[in-house]
Each structure stands twice: as C-alpha cells, then as structure tokens.
Amino acid sequence: VRAIKRSIDGALGSHGAWLLEPYADLPSSSGLNTSSPESIRETARLAMEHGYQLNVHAIGDRANRETLDIFEEAYDAAGEGDYRWRDEHSQHLNPSDIPRFGELGVIASMQGIHATSDGPWVEAKLGAKRAEEGAYVWQKLMKSGAIVMNGTDAPVEDVDPIPNYYATVSRRMSNGEVFFPDQRMSRMEALRSYTINAAYGAFEEQIKG
C-alpha cells in the first residue's frame, strides 16, 4: 500500500457533486462537500511527510478546483519530486482549471464509461455551457499535457474493460447519441490510457502496462 484516497464531494446524479454554481435543475443547491478541504489538506501534509501518493475523489468543478489547490500547495511546500497525485474522476471542470493538470503534473484518473452512462442527464444538471466546456474533457486535458488514466471504477461500473474501452473511443450513449464527440479518444489513446497510463498512475509502469 502506497496511496491514500479521500473524497471531497459526492456524485452528479444525486446532486452531490460540489459545483462552483448551482445545478441547472436544482437552483437551490451547489452540491455537497463531503470532507472539508482543511481535513484533506492535513491528509496531504501527512502523505507528503511519509511518502504516500494522495488520490482525491472529485466530481464537480468546485471539488476539482479545491483538490488542485490542495495538491498545488503540497507540491510547492515539498519542492521537486515524482509525486503522481491523482484527481479521481476529474469529471466536471471549470475551463480555467483544465491547464492546471498538465502544469502541476496531477494525473486525471478518469473512467471512460462514466461519460456514456452519465451523459444522458449531464446537460440537464449542468446546463449546456458547463457540459460542453468541462464535462469529461479528455482531449482538452491531454492537450494541456496531462496524463489521463482510465479504469472501470468497479463496482460502480462493470469490471469488464471492453465496454469501457468502447465508451472511451465512441462516447456513444445508450440512446444512440454521441456525447460531445470532439472529446473522444482515438483507439491508441484509449489503449494507452487503460494500460501504460494506469500503470504509471500506480507507480507500476516498470512491471506492467
């Protein structure tokens, strides 16, 4: 064991993802902060002190911004190092935060199949502008220089890699529509995200991937 996982928010489907602005379909709520940034900041300090990788579940754009802020502070305090801290899910991002993944060296640990299973209701919850600018923006993240790793998030999704790989390349939802096709990965990009990038995200690229 060389990693710690924390959660800073919930999930989008239940209006639990922590957003910068209220939900389009629930204007009374901006989601939930499940563990305070102060608590995760202390975990980051301990992780850095003892040489552990920190992974934080972050779905909403507020959750992702807070997570990136915590990671940046920890990296700055510790100085140069091969930390590979991971933002787990990185699903909904404010456009201004997308370049920070590449700049900081934070791994976007994403799940391709979430885009197609969540896709039919993402726009209703975020509105068209937020959905297009920051939902599952794999190509934008990769172009920023970020490493995007892939997985199924079992048991939330089935552990079978093939539907996840297909979703990553096609972004085709169950209703037949394609969820923002410009952000699809090529077959080789998807294969890399699922193999060598996932191994890199676990510090295991010398033995698998």
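In the predicted model, Gln53 is in contact with Arg2, Ala3, Ile4, Tyr83, Arg84, Trp85, Arg86, Gly201 and Phe203, apart from residues up to four places away in sequence. Gln53 belongs to strand S2. Its relative accessibility is 2%, under the 20% limit, and Gln53 therefore counts as buried. Asn175 lies 122 residues from Gln53 along the chain, and the C-alpha atoms of the two residues are separated by 39 Å.

Trp85, one of the residues touched by Gln53, is also listed among the residues with the most contacts inside the largest nonpolar core. At least two residues of the core are supplied by each of helix H1 (37-50), strand S2 (53-58), helix H2 (61-78), helix H3 (98-104), strand S4 (107-110), helix H4 (112-126) and helix H6 (138-143). H2 contributes six residues, the largest share. In soluble globular proteins, nonpolar side chains tend to be buried together.

For Phe101, the contacts beyond four places in sequence are with Asn64, Leu68, Asp87, Ser90, Leu93, Val106, Ala108, Leu141 and Ala146.

On the H1 side the contact involves Pro37, Ile40, Arg41, Ala44 and Met48, which meet Glu66, Ile70, Glu73, Ala74, Tyr75 and Ala78 of H2. By class, the residues of this contact comprise eight nonpolar and three charged, with no polar residue.

Glu66, one of the H2 residues in that contact, has a relative accessible area of 14%; with the limit for burial at 20%, Glu66 is therefore buried. Apart from residues up to four places away in sequence, Glu66 touches Ile8, Trp18 and Pro37. Of these partners, Pro37 is a residue of H1 that takes part in the contact with H2.

H7 contributes Pro161, Asn164, Tyr165, Thr168 and Val169 to the contact, and H8 contributes Arg187, Ala190, Leu191 and Tyr194. Six of the residues in the contact are nonpolar, two are polar and one is charged.

Asn197 is located in helix H9 (residues 196-201). With a relative accessibility of 14%, Asn197 counts as buried. Its contacts, leaving aside neighbours within four places in sequence, are with Ile147, Val148, Met149 and Arg192.

Pro120 is placed in helix H4. In contrast to the buried Asn197, Pro120 is partly exposed, with a relative accessible area of 43%. Pro120 and Gly102 are 18 residues apart in sequence, and the distance between their C-alpha atoms is 29 Å.

Several loop residues have backbone geometry of note. The peptide bond that joins Ala154 and Pro155 is cis, with omega about 5°. Pro155 is situated in the loop between strand S5 (148-150) and H7. His15, in the loop between strand S1 (3-7) and H1, is not a glycine but has a positive phi of about 60°. Tyr136 likewise has a positive phi, near 55°, in a residue other than glycine. The loop that holds Tyr136 runs between helix H5 (128-134) and H6. Tyr136 has a relative accessibility of 1% and therefore counts as buried.

Methods. Residues numbered from 1 in each chain as written. Predicted model: local features only at pLDDT ≥ 70, side-chain atom pairs only at ≥ 80, totals over all residues. Heavy atoms only, no water. Contact = heavy atoms within 4.5 Å. Helix = DSSP H or I, 4+ residues; strand = E, 2+ residues; numbered from the N terminus. Nonpolar A, V, L, I, M, F, W, Y, C, P; charged D, E, K, R; others polar. Core = buried A, V, L, I, M, F, W, Y, C linked by side-chain atoms within 4.5 Å. Buried < 20%, exposed > 50% of the residue type's maximum accessible area, 1.4 Å probe, protein only.
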